[in-house]
Amino acid sequence: MKRLLAVIILITLSSFTYKGVSKRGLTLVHYNAKFNSANNYDQLKKIRDVKVMETWIDDDADIKVEEGIRSVPTMILYNNGKEIKRWEAGISLSLKVPFSEIQKEVDQLTGANKF
């Protein structure tokens with residue numbers, strides 16, 4: 001039983017990077033800063049067929065550099081841990097991307113748009 005538990009823990013830990021981005025499947029990460037929390041992307045809950053995460057760059061000083069975050073909010077779509085698409089806010093510090101554009105990218109990767 002202990003071995004089985006150890007194997008399960010090892011598999012679980014090996015499928016995620018330290019940032020929490022899955023190395024398997026699709027992950028959409030919403031990066032923002034606390035000073036800009038009023039401009040969080042408010043349609044995240046509508047996005048289907050992808051793991052959605054919210055990350056505050058204030059909580060991890062290295063993440064801004066490692067992920068190349070130049071403005072907030074920024075959303076990055078990852079497939080198997082690799083960046084596929086990025087949406088960045090402009091000078092207004094708000095993300096003006098329509099929900100349908102993000103869902104279209106997800107659907108192309110999952111094959112949902114084929115039906």
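Figure 1. Buried stands for under 20% relative accessible area, exposed for over 50% and partly exposed for the range in between (1.4 Å probe, protein chains only). The model is predicted: local features require pLDDT of at least 70 and side-chain atom pairs pLDDT 80 or more, while totals for chains, interfaces and linings use all residues. Numbering starts from 1 along each chain as its sequence is written, and side-chain values rest on heavy atoms, without hydrogens or water. The side chain of Glu83 meets that of Arg86 in a salt bridge of 3.0 Å, N to O (side-chain nitrogen of Lys or Arg within 4 Å of a carboxyl oxygen of Asp or Glu). Arg86 is partly exposed, with 23% relative accessible area. Glu88 forms a salt bridge with Arg70, and their closest N and O atoms are 2.8 Å apart. Because Glu88 lies in strand β4 (residues 82-88) and Arg70 in the loop between α2 and β3, this pair ties together parts 18 residues apart in sequence. Helices (H or I, at least four residues) and strands (E, at least two) are DSSP runs, numbered from the N terminus. Glu88 is partly exposed at 30% relative accessibility, whereas Arg70 is exposed at 68%.

**Figure 2. Lys34 and Asp59 form a salt bridge.** The closest N and O atoms of Lys34 and Asp59 are 2.8 Å apart. The two residues, 25 positions apart, link distant parts of the chain: Lys34 is in the loop between β1 and β2 (51-56), and Asp59 is in the loop between β2 and α2 (63-66). With a relative accessibility of 44%, Lys34 is partly exposed; Asp59, at 53%, is exposed. The whole structure contains four salt bridges.

**Figure 3. The largest nonpolar core has 13 residues.** Leu28, Met75, Trp87 and Ile102 touch the most other members of this core (a set of buried Ala, Val, Leu, Ile, Met, Phe, Trp, Tyr and Cys residues joined through side-chain atoms within 4.5 Å). Two or more residues of the core come from each of β1 (26-32), β3 (74-79) and α3 (99-110). In soluble globular proteins, nonpolar side chains tend to be buried together.

**Figure 4. The surroundings of Met75 include Leu28, Trp87 and Ile102.** Contact here means heavy atoms within 4.5 Å. Apart from neighbours within four places in sequence, Met75 also contacts residues including Val29, His30, Tyr41 and Leu44. Further contacts of Met75 include Lys85, Arg86, Leu95 and Val97.

**Figure 5. Thr74 is a buried residue, at 0% relative accessibility, in strand β3.** Its side chain reaches the backbone oxygen of Ser71 at 2.5 Å. Not counting residues up to four places away in sequence, Thr74 touches Val29, His30, Tyr31, Ile69, Arg86, Trp87 and Glu88. The C-alpha atoms of Thr74 and Ser94 are separated by 9.0 Å, although these residues are 20 apart along the chain.

**Figure 6. Asn40 is located in the loop between β1 and β2 and joins its side chain to that of Asn32.** The two side chains make a polar contact of 2.6 Å (N or O atoms within 3.5 Å; within protein, one able to donate a hydrogen and the other to accept it, with residues adjacent in sequence counting only if both atoms are side-chain atoms). Asn40 is partly exposed, with 26% relative accessibility. When residues up to four places away in sequence are left out, Asn40 touches His30, Asn32, Glu54 and Trp56. Between the C-alpha atoms of Asn40 and Leu95 there are 8.0 Å, with 55 residues separating the two along the chain.

**Figure 7. The charged end of Lys46 sits over the ring of Phe99.** The distance from the charged end of Lys46 to the centre of the ring is 5.8 Å; the rule asks for NZ of Lys or CZ of Arg within 6 Å of the ring centre and within 35 degrees of the ring normal.

**Figure 8. The chain as a whole has three helices and four strands.** From the N terminus on, the order of these elements is α-β-β-α-β-β-α. Of the 115 residues in the chain, 36% are buried. Among the contacts with a separation of 6 or more, 57% are between residues 24 or more positions apart.
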